[in-house]
Amino acid sequence: MDFLNALVALTNFVGVPAIAYGSQLALGALGVTLIYSVLRFSNFAHGDTMAFGTMVTIIVTWWLQSMGISFGPLPTALLALPLGIVSCMLLMLVTDRTVYRFYRTQKAKPVIFVMVSLGVMFMMNGLVRFVIGPGDQRFADGERFLISARDFKAMTGLSEGLAIKTTQGITVVTAVVVVALLFWFLNKTRTGKSMRAYSDNEDLALLSGINPERVVMYTWLIVATLATIAGVLYGLDKSFKPFTYFQLLLPIFAAAIVGGLGSPVGAIAGGFIIAFSEVTITYAWKKVLTYVVPELFEPDGLVQLLSTDYKFAVSFAILVVVLLFKPTGLFKGKVV
């Protein structure tokens, strides 16, 4: 029985949160890896792109709620999500037309694009904080839990409860659907095949008659969709704060590089590796160990390797190790 309690506690505090967080990082890392593989630069504005799409979704959510419109047990934000995606798409297309296209025509080096994306990042960050403010914004309504700890205890008779939030369930299901649609698009549609051909060999793709501007446009549209969905899922699961999305850039890039920058499968794997690493290393293991070790050896402290304040340090450490010893990542993406 103690072993079952330990397993439930581990699932409740490590497994479920890490799976939800990993799904969010995977979607964010997919956007980063698409830009790197197709447009050939690291987009440091990706975190604030997520923040912008989420901000629009929140504002539309508030408007729907003021009109008395809800989504029943599900968050109203899911109804507002399409408008957030469309707004983010428009922002990306305008940004590309007014900023990135100039440097593309000049055939600027990737480092120039990186510096330009930094400028775009600061502009987006300022815009989002100006519109919605720098503070926390919670916008999750509807049913809070798919299963509560109290109900789980009553069903199983265990002393430990398992709680799964509605937003965590929505995150995992949405991530699976979005990833499946993305892979279908890239592998089965003509536009997706054009994007892959352009990514593999730009010169050969141009000789084959592929329109580069069309490929760029579709890339930004897909990236805007992934960024908004990832940002909204993260905001629903935790809360929305503009500067937090700026900080998310580190674990998202770490996920993309660990999996292999330029590899969509690697981005997904990297997202879960980073998420489980962060959650596992910053978790206080006292409760789990209390169930599995003899009473004489029960720990007095929290048995926490790192405070949760340092969870991004875990991403940074993993990123440094991968860059030093395997820069192509687990799935052999492009060398960083």
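Me: How many aromatic pairs does a search of the whole structure find?

Reply: The search turns up 13 aromatic pairs. Keep in mind that this is a predicted model. Take F41 and F113: their rings sit 5.2 Å centre to centre, with 25° between the planes, and the pair is stacked.

Me: Is F41 buried or exposed?

Reply: Relative accessible area under 20% is read as buried. F41 has 2%, so it's buried. F113 is buried too, at 6%.

Me: What kind of pair do the rings of Y103 and F113 make?

Reply: Here you go by the angle, and planes over 60 degrees apart count as edge-to-face. The planes of Y103 and F113 stand at 65° with the centres 6.4 Å apart, so this pair is edge-to-face. As for Y103, its relative accessible area of 26% makes it partly exposed.

Me: Which residues form one aromatic cluster?

Reply: F41, Y103 and F113 are among them, and Y100, F102 and W220 complete the cluster.

Me: And what about charges: where does R40 lie?

Reply: R40 is over the face of Y198, 5.2 Å from the ring centre. There's also K311, whose charged end sits over the ring of Y21 at 5.3 Å from its centre.

Note on methods: Residues are numbered from 1 along each chain as its sequence is written. This is a predicted model: local features need pLDDT of at least 70, side-chain atom pairs count only at pLDDT 80 or more; totals for chains, interfaces and linings use all residues. Side-chain values use heavy atoms; hydrogens and water are left out. Rings of Phe, Tyr and Trp (its six-membered ring) pair if their centres lie within 6.5 Å; planes under 30 degrees apart count as stacked, over 60 as edge-to-face and the rest as tilted. Buried means under 20% relative accessible area, exposed over 50%, partly exposed in between (1.4 Å probe, protein chains only). A charge sits over a ring if NZ of Lys or CZ of Arg is within 6 Å of the ring centre and within 35 degrees of the ring normal.
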